[in-house]
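Thanks for coming. I will go through one model today, starting with how its copies are arranged and then turning to one interface.

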Protein chains: 4
Amino acid sequence: LLVESGRVEAFSDGVLAIAITLLVLDLKVPEDHVAHALLAAWPTYLAYLSAFLYIGVVWVNHHALFTRIASVDAGLLWCNLALLLTVSVLPFPTAVLASAMNHGTHGDQVAAVVLYAIVQSLMALSWYVIYGYLMRRPHLLAEGITADFFRGERARPVIGIVAPVIAVLVSTVSPRAALATYVILPVFYAVTAQGWAPRTAGPDPAA
Amino acid sequence: LLVESGRVEAFSDGVLAIAITLLVLDLKVPEDHVAHALLAAWPTYLAYLSAFLYIGVVWVNHHALFTRIASVDAGLLWCNLALLLTVSVLPFPTAVLASAMNHGTHGDQVAAVVLYAIVQSLMALSWYVIYGYLMRRPHLLAEGITADFFRGERARPVIGIVAPVIAVLVSTVSPRAALATYVILPVFYAVTAQGWAPRTAGPDPAA
Amino acid sequence: LLVESGRVEAFSDGVLAIAITLLVLDLKVPEDHVAHALLAAWPTYLAYLSAFLYIGVVWVNHHALFTRIASVDAGLLWCNLALLLTVSVLPFPTAVLASAMNHGTHGDQVAAVVLYAIVQSLMALSWYVIYGYLMRRPHLLAEGITADFFRGERARPVIGIVAPVIAVLVSTVSPRAALATYVILPVFYAVTAQGWAPRTAGPDPAA
Amino acid sequence: LLVESGRVEAFSDGVLAIAITLLVLDLKVPEDHVAHALLAAWPTYLAYLSAFLYIGVVWVNHHALFTRIASVDAGLLWCNLALLLTVSVLPFPTAVLASAMNHGTHGDQVAAVVLYAIVQSLMALSWYVIYGYLMRRPHLLAEGITADFFRGERARPVIGIVAPVIAVLVSTVSPRAALATYVILPVFYAVTAQGWAPRTAGPDPAA
């Protein structure tokens, strides 16, 4: 089974668009002391912005990925579904983290960081699996794209698998310091959305 | 009325993408004892994963179905809408089941299994009706697809109609054992998404 | 401003797909006495099915409408947005009705029927306005479609404007009897989705 | 990186369609005294209508914008994501405003107007940034569209940045009077969706 990638992109776009828009449901309307309640809820807004940026970055990367794919087989379909699973579940750890940062104990905050880290690592793992899958199936790639490109790209999700582990270790000392990874990781993926480095995108000019 | 299948696919993709993404709303944010509450909620995560897999499998099967359809008439439009109904209602029995497994009595758990089984059977029934409808209308099929293909395919939803009945019977003894069908059925439909058997997809080479 | 109708259809499909899928959020998960609670909630399921059918019928009619439209001007864009407004608000009166039928007083039930009737009449009114708008702008229509077609079609939404008024009158005696319109109206629009009568779809053969 | 604008439009359509449809979730079902509760909730309905109109107007303007864009680069992708952020968060300030107008103190109402004003100004700012970005990148524009067009258009979001500041000042005297901007601004953007004035859409005929 080889299908053109159009309907897979449309379905993925739908899931990503819904996941990014559903995030707003986690912003709770304060019933009284509105000014004070709004100001006190800043960890929730930060979590909202971070998750919005995260899903936005996934969309940009997904978009860039599919410009390099010509057709989709059954295996890639399931890999893509695993990626969509980790993205569409993201509002949950985001909300748990915002709630724990807002009024949880130190133990609650570490637990929330661990939950978020698990989802982040699984998301990065699904990218790693997709890149490895494409690396071994050059017949699925668009014209001019070589398997070597995806070999080089795999370094990016490795960072995304390791960084959350560091965040968990940091959180045992200071949960708030661990939040930095939720800003650093999406920015890193935003900047490198077009590929890790020019030398991996094509044949080495010095070769 | 015969229309090209494009807009029907787009609408179906939209409904399936939304249904699969809305599932995250059933994951409740714990207010305190976060680590313990997250661990205790494992039946909810299992229900989430199962429903995500289920809807993902329906999408893959729906995608495979429409590659075999060239045009859509009014009857097929209503059959497709019935299928979308059973899929988009799935988050409800999933949430009832997760809640009952988490803190319900034995009676509550059996009731939840019965509700889930009804929705599962109706979903399989709508596939059965669609296959039967297409079997009798070869003029709707894509080039090279014969009515015989859909005749053979009808065995797949029959399994999906019967299996939930067995799950209900099992649940009266052990509701947790009945949960196995929620993993087995989507995996079965995933594996057979491209058609039941090669011999039903085309003329028998031995004939 | 004249634009091709493609992106308007895509946006409308999105809104209709979301509205029809969001309906499931009104089905509440019972916390205990699950079997009894599920059976007692039948008015909610009826309301869910009726609203699902309603939005499904709107999609089929919308689909049929746009096969007759070649291009869209600013006025039609706003008319279409008004129609989408009445559809996407439908889950609200549906939920109010289900709640009132389930445990409301006679007065609550009449109030819920009035609310539902207002939304139904406004929805029918927006179709009436769209048909009248197209009747006077033949340059927007697809090849072979005449203004006369939409003149004849306007009788259909007139029924949809009047029927809810009758439902309100009936509800003062028996709110449950008024519910019949929520089944009759969508079935009527489903059956006549392709146009009111053959004689209005083209030139009179006797002429 | 230059991509055709198709998938960006599809993703944006998805986000806008979901945001406009999610608004209905803020309409709360009254449990008793239904008639009285429905009538008393009129500020909620006004907020719903205003937000629906707002997002609808953004869609019409977004649609008009992309008819003038031929291709999308990475910077425009991020600008567009910022715009989608301000739109998809709109249900939150809308709900806060409706709640405060319904049963808040004077201080709550001013706080809600300030929150709404911040989101409105950021939304207008993101349009301003997009117009400025396109003004300096004529190679992204569709044939026949000049940079001058977007230079003239920038006056429109400037009004959208300033008006909410006035609304905040007004709200300190009368929060209800400040609500007028939530009707005036979307109507202004609706009327000028095709461009500020004919003279900015092309070369000055007198020149």
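A definition first: copies are superposed by least squares on the C-alpha atoms of residues with pLDDT of at least 70 in both, pLDDT being the predictor's confidence in each residue, from 0 to 100. Chain D goes onto chain A by a rotation of 90 degrees with 0.0 Å of shift along its axis, at an RMSD of 0.0 Å. That is the relation of a four-fold axis.

Some ground rules. This is a predicted model, in which local features need pLDDT of at least 70 and side-chain atom pairs count only at pLDDT 80 or more, while totals for chains, interfaces and linings use all residues. Residues are numbered from 1 along each chain as its sequence is written, chains are lettered from A and ligands numbered from 1 in the order in which they are written, and side-chain values use heavy atoms, with hydrogens and water left out.

Now confidence. The model has an ipTM of 0.85 and a pTM of 0.87. In chain A the average pLDDT is 85, and 91% of the residues reach at least 70. Within chain A, helix H6 (residues 106–135) has the highest mean, 94, and helix H11 (residues 198–201) the lowest, 40. Helices here are DSSP runs (H or I, at least four residues), numbered from the N terminus. Residues 197–207 of chain A have a pLDDT below 50, and beyond near neighbours in sequence this stretch has five contacts in the model; contact means heavy atoms within 4.5 Å.

Next, chain C against chain D. Here 28 residues of chain C are in contact with 33 residues of chain D. The two chains bury about 2,700 Å² between them, 78% of it on carbon and sulfur atoms. Buried area is the accessible area (1.4 Å probe) that two parts lose on being put together, summed over both. On the chain C side, C:Arg7, C:Phe11 and C:Phe92 lose the most area to chain D, together 29% of what that side buries.

What does C:Arg7 form a salt bridge with? The partner is D:Asp13, with the closest N and O atoms 2.6 Å apart. The rule asks for a side-chain nitrogen of Lys or Arg within 4 Å of a carboxyl oxygen of Asp or Glu, and it finds two salt bridges across this interface. Of the residues of chain C that touch chain D, the largest share, nine residues, comes from H1(C).

Notes. Helices (H or I, at least four residues) and strands (E, at least two) are DSSP runs, numbered from the N terminus.
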